[in-house]
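Good morning, and thank you for coming. Please look at the structure on the screen while I take you through a few parts of it.

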Amino acid sequence: SNIVAIVGRPNVGKSTLFNRLTESRKAIVDDMSGVTRDRHYGMAEWINKPFTVVDTGGYVANSDDVFESAINEQVLIAIEEASVILFMVDVNTGITDLDDSIAAILRRSRKPVFVVANKVDNNSQRNDASVFYGFGLGELHLISSMTGSGTGELLDEVVTHFVEIPEEENALPKYAIVGRPNVGKSSLINALIGSERNIVTPVAGTTRDSIHIHYNQFGHEFMLIDTAGLRKKTKVKENIEFYSVMRTIKALEEADVIILMIDALEGLESQDINIFHLAEKNKKGVMIVVNKWDLIEKDHKTTKEFEVKIREKLAPFVDVPVVFTSVIEKQRIFKTLDVAKHVYTNKMKKIPTSKLNEIMLPIIENNPPPSLKGKFVKIKFITQINGASPMFAFFCNLPQYVKESYKRFIENKLRENFDFAGVPIQIYFRQK
Ligand code: GDP
C-alpha cells in the first residue's frame, strides 16, 4: 500500500534506481506494462515490507514548452499519492534550474522527502554532494544506482516512514472500485454514501495515502478504498493516465476485493483485462460490474451472452461473479455489495481438513493423475494452508510428476464442491 515515488529531472538516473529496486519482483512489473504505456511502475520489497515504486520520469511529453510544467505537475501528483518521495539529483552536474524548481515544490509538501544524490562513486564526489544540502530538504543520501552502493541504507530509512493501516480498519473487508475513467465509479460511490462523502474527511496528504471510507449501513460494514474521489485537474494527457494508474495500483495493493467496473457499451477492454490479471496475481478477490446496463437494448438472452463474452476474455480464471448495474437507475447497487461480501467470505474461507479429504479423495481416486513413464502418483492427504487467500497442499509420493493440466482439474473440482467464486486458488503438490 505504500508508494515510493522517484522524482527528478531527466537523466539523473531514475530508471536505473527503479530497475534496481524492482528487480526482486520483476514478474509483476512486466504485467504492469499493459496497464500503463511504459514500464514505470513496479513492486519492490525491503525487509519484508512490500511497496510500489513509481518512476515519474516516463510521463513527460517530449515537446519543450510542456517540459517543465509537466515535470512539475508530476511532482505534485507524486506528493499527493506517494508515502515517501525520493528526489533524485546528479552529483556530477550539481544543482540545475530544473532541480531548483522541483525542490521548491517539494519544500511545500508534508510528505517525507529524501534527497538522493546519484552517481556518487568516489570520495571527491562525496564532498561535491554537500551542495545539495542547499535545497533545505533535510536528509541527503549518496548512492550509486548503477552499482547499488548506498541503496540499502536509503531503503532502511525509507521503510521507517511507511504508513500502516490502523488495526481496527484492517479487520474490516476492504473493497476498491477500479476501472477506466467514466465507467461510473464515482457515481456508484455517491449512490452508496450520498452526501456523507463530504462528511468523511479525506486524510490524503497527511497521514494516509488513499481515502478510506468506513461504510456501515443496511447490514454491510466495510472499508471502501476510494480511487475515484479526488480527481486532479490537469491538461496533460499523460498525467491523467499517470494519476489513474497510481490510484489503481494503490487500490490493488490495499483491497481484499477488487470491484472491476466496466461500461456496458464498451465491454471488457485490454486495460481491464490487465487489471484483472494483476488482481489475480496479487491474490485478490475480484468481481466484475457491468455498469450503464440501462443503455443496452435487451432481450432475454442479452445478459447471458454478455457474460459468456466476458468470461471468454478472462480465461482461464473464469469463476468470477458478474453483476449488471445501472447506477443511474439504482439497479442492483446493493446486489453489488452482497456479491462483494460473498467474494470476501470466499477469500477468507477455511475448509476443515476432514471435509476436504472426504470430498476430494474419492474424486482423485476416480480420476488419478495419469501415470508418467510407468510411475503412479498417489495423493494421500489434503490440507488447506493458512494464508491471505485459499491455498491447498496435496501430499503425494511424486509431486514432480503432476502436470499443470491435472492441477487445473483439481482446481475445478475444488471450485465445484466448495464455493470459491471470485477468488484465485493456489494448489501445491508436496512430498509427504
Ligand atoms: P468515473 O470516472 O468512473 O468515476 O465515472 P462517473 O461516475 O464520473 O460517471 C461518468 C458518466 O457516466 C457520468 O456522466 C455519469 O452520470 C454516467 N453514468 C454513471 N453510471 C451510469 C449508468 O448506470 N447509466 C448511465 N446511462 N450513465 C451512467
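Two strands are said to pair if DSSP finds at least two bridges between them. Helices (H or I, at least four residues) and strands (E, at least two) are DSSP runs, numbered from the N terminus. The model is predicted: local features need pLDDT of at least 70, side-chain atom pairs count only at pLDDT 80 or more, and totals for chains, interfaces and linings use all residues. Residues are numbered from 1 along each chain as its sequence is written.

Let me begin with the sheet. Strand 13 and strand 14, which covers residues 391–396, pair in the antiparallel sense over six bridges. Within this pairing, Gln 384 stands opposite Phe 392 of strand 14. Three strands make up the open sheet, in the order 13-14-15, with mixed pairing. Strand 13 (379–385) and strand 15 (426–431) are its edge strands, each pairing on one side only.

I turn now to Met 348, which lies in helix 12, residues 333–348.

Helix 8, residues 185–193, gives the most to the shell around the ligand, with three residues.
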